[in-house]
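Please open the structure in a viewer and keep the residue selection tool at hand. The stops below are to be taken in order.

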Amino acid sequence: MSYDIMFSPMKIGTMEVKNRVVMTAAEFSLGQINGEPTERMINYFEERAKGGVGLIIPGICRVNDMGAASSFTQLSMSSDRHIEPMREMVNRIHKYGAKLCIQLHHPGRQGYASSINTLPLITPLAEKFPKLPNTLFKATPLLLGLEQKKLCMSLQAPSKCELSAHGATRIHAMSKREIHKLRDDFIAAAVRCKKAGVDAVELHSTHGYILHQFLSPNTNKRTDEYGGSFDNRLRFITEIINGIKEQCGKDYPLIVRLTIDEFYDKIGYPDKGYHLETGVEIAKRLEALGVDAINVSSACYDTYNYWLEPTSFEPGWRAYLAKAVKEAVNVPVIAANFIRSPEQAEKQLKEGYQDFIGSARNFICDPYWAKKAEEGKSDTIRRCIGCLHCIKSFIANASVGGVGECALNPSVGIEKEYASMPKSGRGFKAAVVGAGPAGLTAAITLKRRGFEPIVFEKESEAGGQVNIAASGPFKDKLHWAVEDLLKEAESLGIEIKLNTEATADMLKELDPYIVILATGGVPIRPQSIEGINGENVVTAPEILLGRKEIKDGRVAVIGSGLTGLETTEKLNELGNKVTVIEMADEIAGAAWFQFVDDSMSRIKPYGTEFLLGTKLVSVEPDGVTVESKSGGKSKLSADLVVLSMGVRPNNALAKELEEAGIRCILAGDAAKGGTIGNATQSAFRAVMTV
């Protein structure tokens, strides 16, 4: 298929973009405390420019250093010192014909209180004492703990309002002086961007950050000229736009990323915030102010899943938002409509939903997404599966000085090192046991390092634990990970032997330099529980894979982790009355909150009962006996008991290999149970130690 529209040029104001492909903003903690781009950050974006993206918009860029930040290592254009370092990034991206737009940002009520007034103090010390940031990051848990106890400074917000679902514990209504100061900071940052040769700037007025907060009646309850009426709620961003146009010139391209619908109705609050009609009116007003493009987005931190979708969402589900804006304005419309394929992108351009295709996760997962599509190699694209390892890893790693990761692209943040990884394999044989994501990643990395890997898989198909996960409701896209890893392995000429169970004797005869054991895990079935092996007891994978089916029955699911929730969903769909028994005091406490919210949105309508703080004591032919934390025991009737108590590593072969004198490294669930991202990252790191 040809993608004639996607690879045709188009202007945003005076800026001509070589194609319609935009890498939209996603913060990955690649900068440094002083706000300057690191070599690592420049390499990261340069790789995407090389990969064919027409316009790159890096993640959140601070406009001042005294107020709250969203990350200690985000970009900044708060000072003239940032102009020349930014010029270096501009030049590197321009080498490949791409344009650079900087997204100007302030978190408002969604920032970190510990960053208030601290960055200007830390920056000179960090430059003098390079190890200081590590000390700071070690203190992060303590600082966050103080924030949770409200022992912190308050963050700026348009007015006193409810706290964000994921944000500060103390906020205050901004004074007019603070508003004017922040307005001037946005304008000054834009001026510096222009001086640095940046092609355009974008105002971040979405996802619940400060500009969005002023627009929303849910967070802007002011009674002066900056709140109340529609016009007053637009006053703050209006003054910023007018100031940028005045000081940078009307021909300097200005984009606004805008929430068109806050989607509070999706979480049961239809009267909160604003909806599509208001979002379109805001877009029309922004066009009248001289904005050169609208970057359509949606939602906020309170409605997280409706701007950063998990895998269950259908690609293009919110494209109607972009189309509504495009029909109302005459400036170009950019939109990240959960686009997952070049075919979908071209179709939405052709049908007039938008003018530019936006995405961050596609290009995180495959930097050469655009180039592959343009060259007719779209079947080789490594597809984003929506597993959210990127955001989860970023939030976990940024607080300790690390960077975000991708579940399927181990080169993120180490692009130069990945390209020049040591090719020290010298053709030595290597064995990989298991053809799940960990095993396939290990084999691919071994091949790139110069080894000759052979993959052994005892089942008739590759995939491992992913085959189970992808069998859950709305989780079929997870299998893309296996499909794309297999394509890459095959393109590299890696031999994969299915229906072949590796044994110590077989591997000893092969005499490999190294064995990577990626044999996954097996469901936990505690033998200490009476009746656990009864005929009425099955494991969650048996339900998800359809090996055991029950309809219109009573089912007890033991464990509320993600697998337990997915199993519950499937059982609900089959008309069963489900009771979930969980020892912990919260549902799926160790899981990423977005997946829990996603599953629970489908489980709640069925009236599923959750017994928290409750443990399984025994299984009887007609049900289970459980015990609460207070020690009280009770009997629950059940036709079937489903165990979803996690997995234990399946790595008995490791001991046999050790006794045979064969070097072996564990990877994926064979080392420690986790997600697809945990599995692939552990496999990559394991091979890089060889």
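This is a predicted model: local features need pLDDT of at least 70, side-chain atom pairs count only at pLDDT 80 or more; totals for chains, interfaces and linings use all residues.

Residues are numbered from 1 along each chain as its sequence is written, and side-chain values use heavy atoms, with hydrogens and water left out.

**Cysteines**

Begin with the cysteine sulfur atoms. A disulfide is a pair of such atoms within 2.5 Å, and the count comes to 0 disulfides. Select cysteine 161: its nearest cysteine sulfur belongs to cysteine 300 and is 11 Å away. Is cysteine 161 buried or exposed? Its relative accessibility is 15%, so cysteine 161 counts as buried; the term buried means under 20% relative accessible area, exposed means over 50%, and partly exposed lies in between (1.4 Å probe, protein chains only). Proceed to cysteine 193, which is in no disulfide either; the nearest cysteine sulfur, that of cysteine 61, is 5.8 Å away. Cysteine 193 is buried, with a relative accessible area of 0%.

**Salt bridges**

Next, display the charged side chains. A salt bridge is a side-chain nitrogen of Lys or Arg within 4 Å of a carboxyl oxygen of Asp or Glu, and by this rule the model has 41 salt bridges.

Select glutamate 162 and lysine 272, whose side chains meet in a salt bridge at 2.6 Å, N to O. Glutamate 162 lies in the loop between strand 8 (155–157) and strand 9 (171–173), and lysine 272 in the loop between strand 11 (254–259) and helix 10 (276–288), so the pair ties together parts that are 110 residues apart in sequence. Helices (H or I, at least four residues) and strands (E, at least two) are DSSP runs, numbered from the N terminus. Glutamate 162 is partly exposed at 34% relative accessibility, and lysine 272 is partly exposed at 21%.

Now select glutamate 569 and arginine 602, which form a salt bridge of 2.6 Å, N to O. Glutamate 569 belongs to helix 22 (residues 562–573) and arginine 602 to helix 23 (residues 593–603), so this pair ties together parts that are 33 residues apart in sequence. Glutamate 569 is buried, with a relative accessible area of 3%. For a network, select Glu39, Glu46, Glu88, Arg92 and Lys95, which are joined by salt bridges that share partners.

**A nonpolar patch**

Turn to Tyr112, Leu144 and Ile395, which make a nonpolar surface patch of about 220 Å². Patches are made of residues with over 30% relative accessible area and no salt bridge: like charges are joined within 9 Å, nonpolar side chains (Val, Leu, Ile, Met, Phe, Trp, Tyr) within 5 Å. Isoleucine 395 is placed in helix 15 (residues 389–398) and counts as partly exposed at 33% relative accessibility.

**Positive phi angles**

Finally, inspect the backbone. Most residues other than glycine have a negative phi. Select phenylalanine 263, in the loop between strand 11 and helix 10: its phi is near 60°, a positive value. Phenylalanine 263 is buried at 1% relative accessibility. The last stop is aspartate 552, in the loop between helix 21 (540–544) and strand 21 (554–558). Aspartate 552 has a positive phi near 55°, and at 63% relative accessibility aspartate 552 counts as exposed.

Conventions:
Accessible areas come from the Shrake-Rupley method with a 1.4 Å probe; for residues, only the protein chains shown count as cover.
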